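Here is a short report on surface patches and charged pairs. Look over the structure first, then read on.

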Amino acid sequence: MLILLVFLLIGVAAYFTWRWRSSTVTRQCRWRADRSVAADYYRCLACGGHMRTGTDRAPRVCMARASS
């Protein structure tokens, strides 16, 4: 039973590590829609990034991370 628990803990740690490395979303980005420019135009209050998404959903990419 103890071996199963160890494998489970290793699996959970590996999953969270994979999710952390594969995600481009950061907590610092605060995307806000700027409807005065376009319906799909968003500005980030934290990193200063801006982009058009083509949809009405906020971007999932941090422009500060993408430019560095």
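## Helix, patch and salt bridges

Phe16 is found in helix α1, residues 2–22. Helices are DSSP runs (H or I, at least four residues), as are strands (E, at least two), and both are numbered from the N terminus. The model is predicted: local features need pLDDT of at least 70, side-chain atom pairs count only at pLDDT 80 or more, and totals for chains, interfaces and linings use all residues. Residues are numbered from 1 along each chain as its sequence is written, and side-chain values use heavy atoms, without hydrogens and water.

Phe16 has 54% relative accessibility, so it counts as exposed. The classes are buried (under 20% relative accessible area), exposed (over 50%) and partly exposed (in between), with a 1.4 Å probe and protein chains only.

Phe16 also belongs to a nonpolar surface patch of about 1300 Å². Among its other members are Leu2, Tyr15 and Trp18. Patch residues have over 30% relative accessible area and no salt bridge; nonpolar side chains (Val, Leu, Ile, Met, Phe, Trp, Tyr) are joined within 5 Å, like charges within 9 Å. Areas come from the Shrake-Rupley method with a 1.4 Å probe.

How many salt bridges are there? The count is 2. The rule is a side-chain nitrogen of Lys or Arg within 4 Å of a carboxyl oxygen of Asp or Glu.

| Salt bridge | N to O distance |
|---|---|
| Arg43 – Asp34 | 2.9 Å |
| Arg52 – Asp40 | 3.0 Å |

The Arg52–Asp40 pair links distant parts of the chain, 12 residues apart. Arg52 lies in strand β3 (residues 50–52), Asp40 in the loop between β1 (31–33) and β2 (41–44). Arg52 is exposed at 57%, whereas Asp40 is buried at 14%. In the other pair, Arg43 is partly exposed at 37% and Asp34 is buried at 17%.
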